[in-house]
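The points are grouped by topic for reference.

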Amino acid sequence: MKQQTIEKTVKWCFMGIALFSITVLFLIMLFLVFEGLPILNHVSFKEFVFGIYWYPTSDPADFGIFALIVASFLVTLLSGVVAIPLGVMTAVYLAEIASTRTAEIVKPLVELMASMPSVVIGFFGMVVVAPFIRKTFGIPVGLNLFNASLMLAFMSIPTICSISEDAIFSVPQALKEASFALGATHLETIVRVIVPASISGICTAVILGMSRAIGETMVVLMVAGGAAMVPGSLFDPVRPMPASIAAEMAEAPFGSEHYHALFATGLVLFAFTFVFNLVADYISHRFRQTGEASL
Amino acid sequence: MKKTIALICVAVCMAAMAASPALAGELVLKGSTTVLPIAQRVAESYMKLHPDVKISLSGGGSSNGIKAIVDGTADIGNASRFIKSKEIKLATAKGIYPVPHRIALDCIVPVVHSKNPVSDLTTEQLKAIYLGKIRNWKEVGGADLRVVVISRDTSSGTFEVWEKLVMKKARVIPSALTVPSNGGLVQAVGTTPGAIGYIALGYLNDDIKALSVNRVPGTPETTRNGLYPISRPLFMFTNGWIKGRTADFMNYLLSKKGQQLVEEAGSIPVY
């Protein structure tokens, strides 16, 4: 066979494979839209998104997912508050401060933790953390917003840490040396030079970590408590969107209003993660470090 | 010579086919997780008696069990509730005639933390608790402790029975915790001092305490004689009247031995 023919075949092969995976994903998205939109025949968009009562099997049923949206949002926000500082600081420590030997041991450990199955974390939260929280804070129940956020934070820390670490580690040595040469201390160099230089990578890490938290199902199903209400305090039980979908989908009759409502909830969830990724994309372009002189 | 061998082969094959009992084959059961432990025990014991029958079992909930009968993906659909008129319409439209078989009874008991002094509630009190009108245990003669209402997911069969028999179709307060399984509920109630929940009688263990309802304790006797207010029959649905191996299996389940297995699974025999 001629070299050119081989080149062409390989090119078409790769294009086919790439097209295939993109098409499949696109079709799943279309499916989500087509299965979710019919709910608007039963309730208005406003009632669906801002309705505070979720009674999908009552007669008459109520399909308001506001409480679920708020729950997802709060759980993600709170887990971010815990996970972002911890994850980024661990990354800074590993890339800049720790000795090579420590970093070599700790980094794989952190990456190993990223592969922890979520059901294990959920079980831990349910059996160990829930009673602990209940006793420590003297509250009636340990399965709540706080517990779920904590567990999600544990899940996203490894993601945030390991991607940030890569970003920080890849900051050009010359920048650091220049900073030292100007008389900056190590701390000043980290805060003023290294972190700003790797900010786009750190942002990507944060957004990826948060996407993982917002889409996470098993953990919130097990430890969030599952009450479909807008929480009044940190220790109220909540019912984030993925938990609601997972718990109810198996029993929702095919093609019923409930079934469409769950798909529409999935659509809202998808919109959330989509916006997350757009923001991540924007930030990583906006603050991209091009060359060493642009800082 | 070759011909004779071929003929012998055919003969042997036919003989083998004729000799195999008519009951051999596969039996598919799908549906309610409440019926699952019963079906599991009976299936195991039935397969020991009839090694040529393969029974495959799966859960997925009552609605899925009935759906499986309507779609023809199972021989037997398990359900912890009776078929809904919507589902009957769907089935008859497809030319399917679901037949219910009452195979066991189930009794749903309200449960509290083992250290809770309250031991009896009326159905009205239970309803008021789940409506959020009673918020402290001292209102029903207990300690000064906030009531933590724990419910099951709205799609579970146990929830449907509770909604029908206790709530009388009124809505459980939104702040009630929901748990996706009987086992999860036992875990949650067992570790929360102020909790109240409800489970199928078979899941009762020493970590939690069952309450009597209207002064009637939930037991097999009170369920069978109808005194206990929160009980329900469990069903297996088939397409049309049973025959062949489905009939044989069902007869076994309703025999004395089968009903004994029902009891071992934590449900209540029909007789």
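**Helix packing and confidence in a predicted model**

The model is predicted, and its scores are ipTM 0.75 and pTM 0.75.

**Helices H1(A) and H12(A)**

- Helix H1 of chain A (residues 3–36) and helix H12 of chain A (residues 257–286) have axes that come within 7 Å and cross at roughly 130 degrees.
- H1(A) and H12(A) are therefore also classed as oblique to each other.
- The crossing in which H1(A) passes H12(A) is left-handed.
- H1(A) contributes A:Met29, A:Phe31, A:Leu32, A:Val33, A:Glu35 and A:Gly36 to the contact.
- H12(A) contributes A:Tyr259, A:His260, A:Phe263, A:Ala264, A:Gly266, A:Leu267 and A:Phe270.
- By class, the contact of H1(A) with H12(A) consists of nine nonpolar residues, three polar residues and one charged residue.

**Domains of chain B**

- The domain assignment divides chain B into domain 1, formed by 2–105 + 234–264, and domain 2, formed by 106–224.
- Taken over C-alpha atoms, the centres of domain 1 of chain B and domain 2 of chain B are separated by 34 Å.
- Across the boundary, nine residues of domain 1 of chain B are in contact with nine residues of domain 2 of chain B.

**Confidence in chain B**

- Chain B has a mean pLDDT of 84, with 91% of its residues at 70 or more.
- Among the elements of chain B, the lowest mean pLDDT, 48, belongs to helix H1 of chain B (residues 2–19).
- The highest mean pLDDT among these elements, 93, is that of helix H5 of chain B (residues 123–131).
- Residues 9–22 of chain B have pLDDT below 50, and this stretch makes one contact in the model beyond near neighbours in sequence.

Methods
Residues are numbered from 1 along each chain as its sequence is written. Chains are lettered from A and ligands numbered from 1 in the order in which they are written. This is a predicted model: local features need pLDDT of at least 70, side-chain atom pairs count only at pLDDT 80 or more; totals for chains, interfaces and linings use all residues. Side-chain values use heavy atoms; hydrogens and water are left out. pLDDT is the predictor's confidence in each residue, from 0 to 100. Helices (H or I, at least four residues) and strands (E, at least two) are DSSP runs, numbered from the N terminus. Contact means heavy atoms within 4.5 Å. Axes are lines fitted to C-alpha atoms, for helices over the stretch in contact, and angles run from 0 to 180 degrees between N-to-C directions. Angles under 35 degrees count as roughly parallel, over 145 as roughly antiparallel, 65 to 115 as roughly perpendicular and the rest as oblique. A crossing is left-handed if the near helix is turned anticlockwise from the far one by less than a right angle, and right-handed if clockwise. Ala, Val, Leu, Ile, Met, Phe, Trp, Tyr, Cys and Pro count as nonpolar, Asp, Glu, Lys and Arg as charged, and the others, Gly among them, as polar. Domain bounds come from an automatic or database domain assignment.
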